[in-house]
Amino acid sequence: MSKAQYLLSIPSVRERCSLVFAKALTNELTNFDTDLSKIPSLVDYLSQIIARDYGTDYASIPPHGRWQHFNVGGVARVEALVAAWEADQVSLTEITKRLLDLFVVSVLLDAGAGNKWTYHEVGASADNVYNRSEGLAVASLDLFKQGAFSAAGDVQPHQVNAAALAALTSDFLGKGLQVSHENPLEGLEGRAGLLKNLGKALSNAEYFGSDGRPGNIFDYLLAHPTTDGKTVQLTTLWDALMSGLGPIWPAGRTKLDGVSLGDAWPCSSMPQDQGEWAKIVPFHKLTQWLCYSLLVPMKKYLGLTFAGEELQTGLPEYRNGGLLVDFGVITLKSEPLKQGQEFGKSDIPLFTPDSDVIIEWRAVTVGFLDYLLDKVNTKLGLVGDNKAEALSLAQLLEAGTWKAGREIAAEKRPDTKGPPIAIASDGTVF
């Protein structure tokens, strides 16, 4: 395996981020100070949120995924759509493919929306207004139901095709997302570009079939030689997504030996004396977010199981990372704080996605999420004889860190509810 291939693999994410996390534990980061004495109060906060929402019924906590965002406000939108398909006698295989179509497009649209954008659900009451991830989820669902991503929208709107995405424009997408001067969405051009690039990538029939549908990746998984009955290797899905969706990334991303690495970046806290490859820390957050999200319908409707789910890491994004900052576990050092405030012209420091601050922040976030999983399970008593009930990382992300990151942000910054460190979103970094 070449160094580039390694950095595109899922094991590389945890292994490489652990090198930065090790520096966090000894307070040797470049851009942040670390205070581990703040961990107990953070663990208490996470445990209280889990208890508030789920009591001790830990088995009922769903894995983190896009599904829950579609159902914001307690409205079972996905279930209603599936029920309509079932009433039309659509097969379980086709239902699953349609959901995979929807989830892929929706996740691709799910970069940071900024603090100003909102979305009013089509056909709903005036109260059904959402923002951020949930707003983008509902908006993408509305567009999907309208046939915006289908090459045969009049005949079969509920699918996604290469041809439809390749013809998509930013004006069309902006109209669908209700973007205006008064309702700005960060990174609209970047989102439209990703969807157009997805249209090109879907022409790869090996993964996406002759009609270029994301959902056809299911056929590839079932036919793969590593698949045993209904047990699929997670790495098979991972490799298909990394290879099949690799062409969607914009030019200018990190390369090694001519190979584009996507969401992988050089970081000052990585080894600097072992060659260029060793300076790079991979995240591949979009692919991980897709994996978490796509597993759900394939498990639910077709009874598939996936071997190797434990290879996935926590998601290095601003809710999980912001939680660490808001609890004082990590704190920006004075010089990068000053630079970020000057760049953002605000008390909230702003950085570009490729800045060393953001890369280091994301890397320690991955490490701390594993660290917190052990601490929370211990706090909840899910150890020893109760270890079988222990929360998975996907459950902690869903019921704990992501939700807690949002809630503490709203407490500390009620005007914007935004993160303590801002990223200048171009719509392509997640």
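**Entry 1: ground rules and a first bridge**

Which side chain does Asp263 meet in a salt bridge? I found Arg362, at 2.9 Å from N to O. I count a salt bridge when a side-chain nitrogen of Lys or Arg is within 4 Å of a carboxyl oxygen of Asp or Glu.

Before going on, I noted that this is a predicted model, where local features need pLDDT of at least 70, side-chain atom pairs count only at pLDDT 80 or more, and totals for chains, interfaces and linings use all residues. Residues are numbered from 1 along each chain as its sequence is written, and side-chain values use heavy atoms, with hydrogens and water left out.

Back to the bridge of Asp263 and Arg362. The pair links distant parts of the chain, 99 residues apart: Asp263 is in the loop between β6 (259–260) and β7 (264–266), and Arg362 is in helix α17. Helices (H or I, at least four residues) and strands (E, at least two) are DSSP runs, numbered from the N terminus. Asp263 is buried at 7% relative accessible area, and Arg362 counts as buried at 5%. My scale is buried under 20%, exposed over 50% and partly exposed in between, with a 1.4 Å probe and protein chains only.

I looked up Arg413 and Asp326, which meet at 2.7 Å, N to O. This pair also links distant parts of the chain, 87 residues apart, with Arg413 in the loop between α18 (393–412) and β12 (422–423) and Asp326 in helix α15 (residues 318–326). Both Arg413 and Asp326 are buried. I also noted a network in which salt bridges with shared partners join Arg52, Asp53, Lys403 and Glu407.

**Entry 2: rings**

My search of the whole structure gave eleven aromatic pairs. Rings of Phe, Tyr and Trp (its six-membered ring) pair if their centres lie within 6.5 Å; planes under 30 degrees apart are stacked, over 60 edge-to-face and the rest tilted. Phe21 and Tyr371 are edge-to-face, 5.8 Å centre to centre with 65° between the planes. They sit 350 residues apart, Phe21 in helix α2 (residues 11–25) and Tyr371 in helix α17 (residues 356–379). Phe21 is buried at 12%, while Tyr371 is partly exposed at 24%.

Tyr371 has another ring partner, Phe368, with centres 5.8 Å apart and planes at 90°, so this pair is edge-to-face too. Phe368 is buried, at 0%.

Elsewhere, ring pairs link Trp67, Phe70, Phe103 and Tyr301 into a cluster. The charged end of Arg66 sits over the Phe70 ring, 5.9 Å from its centre; the rule wants NZ of Lys or CZ of Arg within 6 Å of the ring centre and within 35 degrees of the ring normal. Lys3 lies over the face of Trp277, 4.2 Å from the ring centre.

**Entry 3: what lines the largest cavity?**

I listed Val104, Leu198, Leu202, Phe208, Pro214, Ile217, Leu241, Leu245 and Leu294. A lining residue has an atom within 4 Å of a cavity point, and a cavity is a set of points on a 1 Å grid over the protein atoms alone where a 1.4 Å probe fits but cannot get out.

Note on methods: 1 Å grid on protein atoms, 1.4 Å probe; cavity = no way out; pocket = protein on both sides within 12 Å on 5 of 7 lines; lining within 4 Å.
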